[in-house]
Amino acid sequence: MPRFSASGLLLQARIWSTLAFYHGGAICSMEMPYGLIAEVGATYGDSEGMADLTIVGANVEVGMLIKYDQKQTHFSLRSKGRVDVGKIAQSVRGGGGHSSAAGCTMELPFDEAKAAMLTIIEKELG
């Protein structure tokens, strides 16, 4: 079992507190502003694996951990298999990955980027 520092656990707790569902529960998201790492005294590595937890919900098809600052928004995407998140990530310049795990960065503020990504995923879900 992995061991986490107190600050690492605080970071994960704050990320979990942003848990949200969309599209009838088929999409799950969690959020992490990059500034949160310094705020709780954690390291970037303390958020490792959090994206994988976005697809543990029973009805979730696509999950995303959204990391952001004022200028850009990064999506770590996960899928249970019905939706090819690699294809979604590749639709964003510089994005890539596999059908079940992928990532991309939008040069947009968080709210705009999140809305755009939800639209993309919802189209794939039908």
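**Close-up 1. Strand S4 pairs with strand S6.** Here 6 bridges join S4 to S6 (residues 101-106), and the two strands run antiparallel. For one example, find Leu77: its bridge partner in S6 is Ala102. A quick word on terms: strands (E, at least two residues) are DSSP runs, numbered from the N terminus, and two strands pair if DSSP finds at least two bridges between them. What you're looking at is a predicted model, where local features need pLDDT of at least 70, side-chain atom pairs count only at pLDDT 80 or more, and totals for chains, interfaces and linings use all residues. Residues are numbered from 1 along each chain as its sequence is written, and side-chain values use heavy atoms, leaving out hydrogens and water.

**Close-up 2. A hairpin joins S3 to S4.** The hairpin goes through 4 residues. S3 (residues 62-68) and S4 run antiparallel, joined by 7 bridges. Val62 has Ser79 of S4 as its bridge partner.

**Close-up 3. Strand S4 is largely enclosed by the rest of the structure.** That's because 6 of its 7 residues (73-79) are buried, meaning under 20% relative accessible area with a 1.4 Å probe, protein chains only. Zoom in on Ser76, which sits in S4 and is buried at 12%. Ser76 touches Ala51, Gly63, Met64, Leu65 and Ala102, not counting residues up to four places away in sequence; contact means heavy atoms within 4.5 Å.

**Close-up 4. Cys28 and Cys104 are both buried.** Each has a relative accessible area of 2%. Their sulfurs are 17 Å apart, too far for a bond. A disulfide needs a pair of cysteine sulfur atoms within 2.5 Å, and a search of the whole structure finds 0.

How values were computed. Buried means under 20% relative accessible area, exposed over 50%, partly exposed in between (1.4 Å probe, protein chains only).
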